[in-house]
Amino acid sequence: MGAIMTGRREFLSTIGLVGAGLAFPRLAACAQEPSPQPPPKKSSGAERVAGKMLTRKIPSTGQALPVIGVGTSGSYEVPLTSAEYKSLETVLRVFFEGGGSVIDTSPNYSNAEDVVGALLAGGGWRDQTFLATKLAADDRAALEHQWADSLRRLRVERVELLQVHNLRNLDQALGYARELKARGLTRYIGITHYLDSAQAEVARVLRAERPDFVQINYSVQSPRAADTVFPVAQELGVAVLVNRAFEDGRLFTAAQNRALPAWAAEIGVTSWAQMFLKFAISHSAVTAVIPATGKPERQADNLRAGVGPLLDARQQSELRAMFA
Ligand SMILES: NC(=O)c1ccc[n+]([C@@H]2O[C@H](COP(=O)([O-])OP(=O)(O)OC[C@H]3O[C@@H](n4cnc5c(N)ncnc54)[C@H](OP(=O)(O)O)[C@@H]3O)[C@@H](O)[C@H]2O)c1
């Protein structure tokens, strides 16, 4: 696990924002500052070690993944010629320089796959990326067509993870994903959902199909996966990606005007975004969390959740009670 970073400038230099001229004006707006810091060390690469992101192993292979990934729903569905796209170039630069790797997308997030493909090609980041996309179609011909299209739009020859979206057309889609895995076109296969009401079925499918990955919703406000999906994933050795850790952004409204708990500074947390993400990765079943943002300063904020101590059981329970 990474140690607590030793100062704000160290972390920001680690994630590349100082060079980008972005860090201080915007992050200075953080409501709470870290606890008093020791004097900064000389820059000799030591800050990279100090701010190194926590990783977790994929149970089926032992491959390590950084705990903070990115999602692409909404935030990456922007025209390739827009200012939002330019902003995403910085978002991903911050992400990769901060030690990120996991990117989750889907053919049914309008043009997000095109955007991810263009960004990875433009930045030369493909080799650093653990790229996850999905299958979401209702017959074999449509699945084949969709997969070919995903490769073309993402500008890749294979992906790291192919997931059946919301269990749709499960038998056929998972069968096809297994074929693609056998052909070396995806390293891992998985299933996804984002609703509490689907979690019992997701757990049943995990037992029946034993995919490499499951992606599920989990947050301070919707913590049920800890009782439904996570124990099964841990028992079977299935990696877990967490979606909706911010409840699609709604948690920030719920947290408005609320002070962080007094113990936040002890674990190096200076924003609600960091707190919500730390809550997600504090469960030992979780391999990575995939928050979506189109804003560089938010990406930097989210990455900070991947370093330093995690939440203990009492702190997790206090957060659940606050947002119940
Ligand atoms: N069935 C499925 O397979 C499924 C379902 C849901 C989600 N997912 C995946 O999981 C990912 C995450 O879920 P999500 O995108 O629905 O919701 P989310 O990550 O819970 O929330 C995203 C929202 O939070 C805002 N945000 C991000 N970082 C922030 C920060 N530091 N401070 C303030 N606001 C911040 C974003 O706005 P800005 O962009 O304006 O910053 C965006 O509106 C998706 O993108 C997708 O890849 C999969």
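Which residue with a positive phi follows helix 8? In this predicted model, that residue is Gly184, with a phi near 80 degrees.

**Helix 8 itself**

Helix 8 covers residues 170-182, 13 residues in total. From the first C-alpha to the last, helix 8 reaches 18 Å, close to the 18 Å expected at 1.5 Å a residue. Four of its residues, Ala173, Leu174, Tyr176 and Ala177, are buried. Look down the axis of helix 8 and those buried residues fall within an arc of 160 degrees, so they line one face of the helix. Over on the other side, you'll find Asp171, Glu179 and Ala182, which are exposed.

What does the buried set of helix 8 pack against? Here are its partners:

| Element | Residues |
|---|---|
| Strand 5 | 130-135 |
| Helix 7 | 140-154 |
| Strand 6 | 159-164 |
| Strand 7 | 186-192 |
| Helix 9 | 199-209 |

**A pair of helices**

Now for helix 5 (residues 83-97) and helix 6 (residues 112-123), which pack with their axes 10 Å apart. The angle between them is about 60 degrees. Helix 5 and helix 6 are therefore oblique to each other, and their crossing is right-handed. Which residues make the contact? Helix 5 brings Tyr85, Leu88, Glu89, Leu92 and Arg93, while helix 6 supplies Val115, Leu119, Gly122 and Gly123.

How values were computed: Residues numbered from 1 in each chain as written. Predicted model: local features only at pLDDT ≥ 70, side-chain atom pairs only at ≥ 80, totals over all residues. Helix = DSSP H or I, 4+ residues; strand = E, 2+ residues; numbered from the N terminus. Expected span 1.5 Å × (residues − 1). Buried ≥ 20, exposed ≤ 12 C-beta atoms within 10 Å, placed from the backbone. Arc of directions from axis to C-beta. Contact = placed C-beta atoms within 7 Å. Axes fitted to C-alpha atoms, helices over the stretch in contact; angles between N-to-C directions. Parallel < 35°, antiparallel > 145°, perpendicular 65-115°, else oblique. Left-handed = near helix turned anticlockwise from the far one by under 90°.
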